[in-house]
Amino acid sequence: MSSQSCPMSGMAGGQCPAGSVAGRGRAGSRMGPRGCSFSGYSQPGDIHAAFDIPRGVDAEEWLRMRERKTINDVLYNNIPSVREISGIENLDSLNASEHDLLAVALGAPARQVMIRAEQIGPQSGWKDGYLSAEHGFCPPDYNDSPGALSNSPGRIWSDLCERMPGAVSRGRARESIASLPIVEGSADVIPDRALWAAVVVLGILCSMYRWEDKHDGNEGITVNATKYKPNCEMGDDLGDELVGIPRSIALPYFQVSRRLGRSIPHLTFVDQSSYNMKIRDASSTYPYVARFDNMDMRWPIFGERTEVAFLKGCAETSASFQHGADAIASCQEHVMNRNIEGLLREMVRLKEILERMPNAFHSINPNPNSGENYVPGHQWVRWAKFSAPLSKRCPASSGLQFPPYLVMDAFLGRKKYESFLGAEGLHLRAWLPSNLRAFIASIDYHYRIPEFVKQSGDPRLMGVLDGIVEAYTGERGFMGTHRYKVFGLLEIAGKTGRSETNGASGATDPNGKPWEETHKQFSEAMKERLAPYRGDITVEPHEMRGTFEECRYRARVLNRSFIDRDPDRSISMVTLDIQNTGITFQPGDRLAIMPLNSWTECAKVAAALGLADYLNDPVSLTPKWERFAQHLGSVSHTPTPQLTVKDILRRGHLAPITKNLALKIHDLLQASSNTVLQVLATTEWPIRGSLGDLLQGAVADTSPHIWDRAFDLRGNLSWLADLVPIEIPRTYSISNHCQELLPSTVDLTISRAEYKLCSTFAGNEDVSCAGVGSGFLNPFLSSSDELIETEEDILVGISRPLNFQLPFDRTAPCAYFAGGSGVSPFRSFWQARAATRNHASGKDILYLGVQSRDKFCYEDELREYVEAGLMEVHLAFSRDTRGLVYDRRHQDLVEREMPTRYIDTLIVEQGAAISELVMSKRQGGLGGYLYVCGSVAIFDSVMNGIRKAIYNHCSATMETSEMIINKAFAERRFMLDVFMTPKPLPCNLPTIPLSQLARHTGHRPSTRMWIGVHGSAYDVTDFSPMHPGGIFIIKSNAGVDCSKSFDNLAHTNNSEVNSLLTKYFVGHLTPKPEFHSCPELSDIYDLWAGYLRTTVETLVAHQFEMHEIMGASDDGTKDFYLRGTENIWSREHMSNIGQGVRMFYQYQSRLLQGGFAALFGPKLQELVLKLSFTLADAANVGTDMRLPDVLGIIARAKTSPEAIATSQEVAQVGQFVCENSSNARFAERGIFNYAAKSVELDIELLEDIREEACHGMDAFESVMAMEASDDTQRLTVLTTFLIQTLERMAKRLEMFYAKLAQHKVYQPEIERNPARTRWNLVRRKIHDGSFFILTQEAVLGAAPAYVPAQHQHSGVDFESVMSRIQATIRGAAKPGPAPQTLNAIQIARASTPPGETNAMATYENNSAMRAMSSFLDKNARSIRRLSKMPPMPMSFEQLQAAVEHHQHHEGRVGRPPTPPSSRGSSIPPAFRGRTMVPVAQGLHRTDSGSRAPSLERMMATAQNGRLLQRRTSQRSMSGANMGHRTRSPPMPHVDAATALNTMMGKLNVRSRGNSNPPPPAMSAMSVNSERTRLGRTMSVRSTSQQHSMHGPTMSTSSLRTFRLPSVGADRGRVKIAPTF
Ligand SMILES: Cc1cc2nc3c(=O)[nH]c(=O)nc-3n(C[C@H](O)[C@H](O)[C@H](O)COP(=O)(O)OP(=O)(O)OC[C@H]3O[C@@H](n4cnc5c(N)ncnc54)[C@H](O)[C@@H]3O)c2cc1C
């Protein structure tokens, strides 16, 4: 047969794979022109295996024969037998429908669309859009269209695009665009082949022109900037989109857009990313061509890191779906042909493609060490503004438009598009190129794969489809990963200048912060996608993590094998049967398992509760159990089962005992059980024991009628489901690799977690127990569970850690570090790597630490690998001198006597080789991949060893070793699978106040970074470089409680995160004091805590933006420093287009223009409002009351001459950057210097404000600890203190401007050419007539020293405060209706001026505005009353005066002692029992020497001069050689019911109908007294939490004396440069 004719149609001219077509591989040519189904012909690999072709048969011929099948062969291949149709009269239904006949005759629609595209595309410049089997939605040749453009007159556009980043930096984009000649975009000038490139470059130029025009080339503060006036013809007549754009680009853009089928010109996200790339090596196809590391951006717009990394990352995400289109078309073909096996194969292929996609997200990395992948969030702001649509009619530029998403939505049969993102996606779909729309329609409307799978009833197909759903839109799949990635990036961007996100969520959103809102919108879209498979989902996707919802498959335990010589089998290989489930897995994957409780534990509970006869009775369920039952039904594709007592006992959480569980029992038993009381008195939770143990004890010491009332057996047993929560899944690394399409078994390496039963239950005995999960999978050999045969299915699920996978590159060497059962995932690694080994493959080296030879797992298997030369194995035995040494020459493990050692010693010994593996290729190392698996202790030991190894071999200091390791982490070559069983945490440690947490932001060298999570503080300093999301993501939460983010990111349910956290635990956070009788105090507490949080977040955000400036040297002559890192001050040897100055200019402009919006805007005003009101109300004073003029000071500071002077300096920096004037370039070094000084002053101010806020925060706890006649008195004292603290903050702002005003850009003495600098200034000043001022300035070199302005007023009255606030509210721009479409959002975002405050500050301030407005409305009458009232005796001034008077007479005021508490006090020991130093009223000023306020003093005054009393608290204290795999010894199995009965015979059983009096120890009286005792204990639990103790690191003593240091006087302290 000719290679030019089609086997099916016989047509000549087609490119048919059946003929061995010259010049084209199989992959590129899989179809005859009429779409004959050469199913998956392009599939790489063994074609015989792929198509079940008998060996020895010519594959092509065989396939051709198959494809020559007639329609009858396809559609009439299973006509029922004669017997089956004998009784049926009408057999019409046996005839195929015309629809099917036609479809088979024509071929699968998706394939048809693809074939047409492939045929026409190359000739037409892919006008209809890129679509092909081999390249998916990507261009087959990324150079083709740009090459064609550069050979056409359109080259002038692409040439200009190449100059764009430099031109934009110099503010010259418009000028260069306007000077272009007109070249038309018609077919005679621009060939079809050049169209895509033309539309990209022209789109970029138009958008760039608009962007620069929006703010006239200035991106910050400007003074007297000259406006640019273009002198060219405009494209106004070409539609709204091109109004105000020079005709030189408008006209061709209009023309080429139309030729590409775009009714109006617009720039899509795909244009900016996918079609704007160059491929480095087109032959590097594994696993796909357009990988981040194989691409460069062709026409960067700003040339900034963020833009490049972000657009490349997006292009990669889409490109990673390269073969997805072909897989989908093949699926459809198989559906058409009813070919189940073929469909299965293609679905698995599609699943693997989807599972790989999230990896592309790695390329967008917010980790500063990650080289070209680094995406600094703040730079995003600029780029986001650039991409605004050209008119209201244009489709928005959004990632939603990437074809893979829209295609997958259609493939999976998404029906709902009601969410904001859903509707936008649908809208954008209509703007896709025609080929893509046709392809989507072909799968949306024809031969829907999910429907066929469902009808087939084939469990494998259903399982694989479920896997596809999960991989695409599941929590751990592509959409879930995307959601988390976006959250972190948006959080940083939102805190550093971005005002809106791409979802409809912006700073105006009243419900949540923008990134939280976007997170919710993604969740809505995910739920819509999941709806066809999971119905209406009532929980948020992240709430499903770490729960049964993740276990969507059923499996059974098949085998438990010995894998070492330990006779107890404490580590076992457990094999599960997953036949026909459709599960597939990769090396590194984990299996989540819902464990079943041991029969012994079930028996204990059943016996105590009297449930032995009710095991199969149904139980009335709680909503959560109900959801579990539905889940069971959906997983087994059956109706929802009725759960029984046995189900609850087997699948509920029985151990360990949580406080919640113990309290529930305590309540049910009406506080009558001694055992329960004993348990509750513990200081560590959870308790090492089970519900069964607790009930066994309690049943013996509780009165039967209480017991019977608590556990009523007559009803629907709803209490059981209420008492026992559902168990959560356990995670185990998968230990085997499978080459088959669908594996039938999965191996796990299970180490039994053993612990000693707590003494309350065990008494003096030493009772060993096994953990729930590991005990279920690998029970004690003596346990009955080993013998009981269970018919129950266990639920399992697969999860793929993105950061624990083998490298794609098979040549990369891999080192595996493991301890004990940590070897588990590595078995799958070495099996997989060995299966694909060739001569070029990188090494596989295992470093294993175990106790002894007997516990060396998988020895036989490893020896085989070593002997075959496939692996190196190095061992450390910690308790055995019978060592094993790897002999490289003989490829053997040789026995040798050697000292015992841990893994770190082994690593140091092998240090030279390991260091090479750690070092990146750029550092001259091997750039190896390193994996650590095991407990946290192993992890520590491994890291210590590696640090030392690098120090010994490659670095001069330990810091450098650390940096080398961090680099490997950032390059994602260092991967961890660290797990530990969580350890119980003590609850009697000193607690940590919020202020102490706030001070731990870790932004200066050698300082620590803490985070707060669900009531506990963690020191994450050492962990942050390893954080998979990047160091900045963690840093953005430094010093604050980040529980909400933790929940949103599913960290709370993540066992991995939780177990790691216990390692970094510092203590519990001091809870909010209970202000029961004073809600106002509670409100003010919340408000102040919110403000403190803002101060911390602002400080942290500062370092995101400015850290590079702080650490960079200012050698503006080189683009790279000697040490090889990028010089942020210079680019292309020009410092004004470097990033440093621009970053500073934009940041400082925003700061100054917004007047520190986050700290001194409405949020602070809200505090002033509420404090003033509270004071006035509590003191019941009138117009004469003088309040600190906080708002006045701020307003004056912002408009002071010093503030104006600072703005002018920044404007000069702007001139330098935006080149509106050439003057600034003569002050180049002065500008660098000015930037560095300003940044340091900024940070000082932010630190000071935080410190003041901390003072205020501490005051709450102390005021509660003081003796006061009533809460009103406390309130008065506290509000007085707080408002004075605010005044001090305002003064710090005043000081800041004054200090900053002393610094100047003009410093000729430090310039390289001082004379030129001076001369330029003289010339300029002569020119503008200010020469005499110049001489003075030039001589003095700086402004006169700052003299703080004296106070004009000593305070303001209440009415003035109120009217100022009312004026602010009236004057505030009313937020308009939120934009409803993406287009509107992007236009709004682009219109915000460059100095706009960041999203977080805007959000906070909007909320504050709303709160103030409603507060004023609500309290309008009181405010009117208080404003008009005559003066009362206790005015603010009088209060202060009385204090002075009192101190004068009484001397020092005694400090109230801290009440006793089980948690201890948060007051530092140094201050306990100390007397208070009285301090005078007012604020310290450098000039006046006035002193800070003292809370105690105020309190004393408020009590009319009485000395504060020591308060005595009423609160009390709360108190065999098995070296090869063998099956476990065969034992006779017993059934569960028999086993249970036998067990229960030996247990405490509920006494039925027995009304015996309670045992003597628990007589009625003692029960009552116990109850009272417990009641007290319980109340202590809450109240004691108010009184906490500082941890050892609590430092600033002045906090506790309520003496505020003077403003400005504290700057003498030693300064250290920030770390960042
Ligand atoms: C990513 C990952 C991979 C893993 N891979 C493996 C593997 O390959 N092989 C392997 O053997 N194990 C592995 N594990 C550990 C495994 O998931 C279980 O943690 C381990 O088997 C113990 O679970 P268990 O149910 O037996 O113990 P549990 O019943 O959960 O408890 C055991 C111990 O922990 C204490 N404890 C339990 N819950 C708490 C709590 N909330 N707070 C404080 N203390 C508590 C108990 O008191 C007891 O001392 C892995 C863990 C993770 C996170």
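The questions and answers below take up how terms are applied to this predicted model.

Q: What kind of model is this, and which pLDDT values do local features and side-chain atom pairs need?
A: This is a predicted model in which local features need pLDDT of at least 70 and side-chain atom pairs count only at pLDDT 80 or more, while totals for chains, interfaces and linings use all residues. Residues are numbered from 1 along each chain as its sequence is written, and side-chain values use heavy atoms, with hydrogens and water left out.

Q: Why is Asn359 called buried?
A: Buried means under 20% relative accessible area, with exposed meaning over 50% and partly exposed lying in between (1.4 Å probe, protein chains only). Asn359 has 13% relative accessibility and therefore counts as buried. Asn359 lies in the loop between α15 (340–356) and α16 (380–386), where helices (H or I, at least four residues) and strands (E, at least two) are DSSP runs numbered from the N terminus. With contact meaning heavy atoms within 4.5 Å, and residues up to four places away in sequence not counted, Asn359 touches Leu802, Gln805 and Phe808.

Q: How do you know that Cys758 is in no disulfide?
A: A disulfide is a pair of cysteine sulfur atoms within 2.5 Å, and by this rule the count comes to zero disulfides. For Cys758 the nearest cysteine sulfur, that of Cys769, is 9.0 Å away.

Q: Is Cys758 buried or exposed?
A: Cys758 has a relative accessible area of 16%, so Cys758 is buried.

Q: Why is Arg259 called buried, and which residues is Arg259 in contact with?
A: The relative accessible area of Arg259 is 17%, which means that Arg259 is buried. Arg259 has its place in helix α11 (residues 247–259), and, leaving aside neighbours within four places in sequence, Arg259 is in contact with Lys127, Gly185, Ser186, Ala187, Ile190, Pro191, Asp192 and Leu195.

Q: What makes the pair of Arg259 and Ile190 a polar contact?
A: A polar contact is a pair of N or O atoms within 3.5 Å; within protein, one must be able to donate a hydrogen and the other to accept it, and residues adjacent in sequence count only if both atoms are side-chain atoms. A polar atom of the side chain of Arg259 lies 2.9 Å from the backbone oxygen of Ile190.

Q: Why does Arg1288 count as buried?
A: Arg1288 has 0% relative accessibility and therefore counts as buried. Arg1288 is found in helix α52 (residues 1271–1300), and its C-alpha atom is separated by 8.8 Å from that of Ile1249, which is 39 residues apart along the chain.

Q: Which element gives the largest share of the shell around the ligand?
A: The largest share, four residues, comes from β7.
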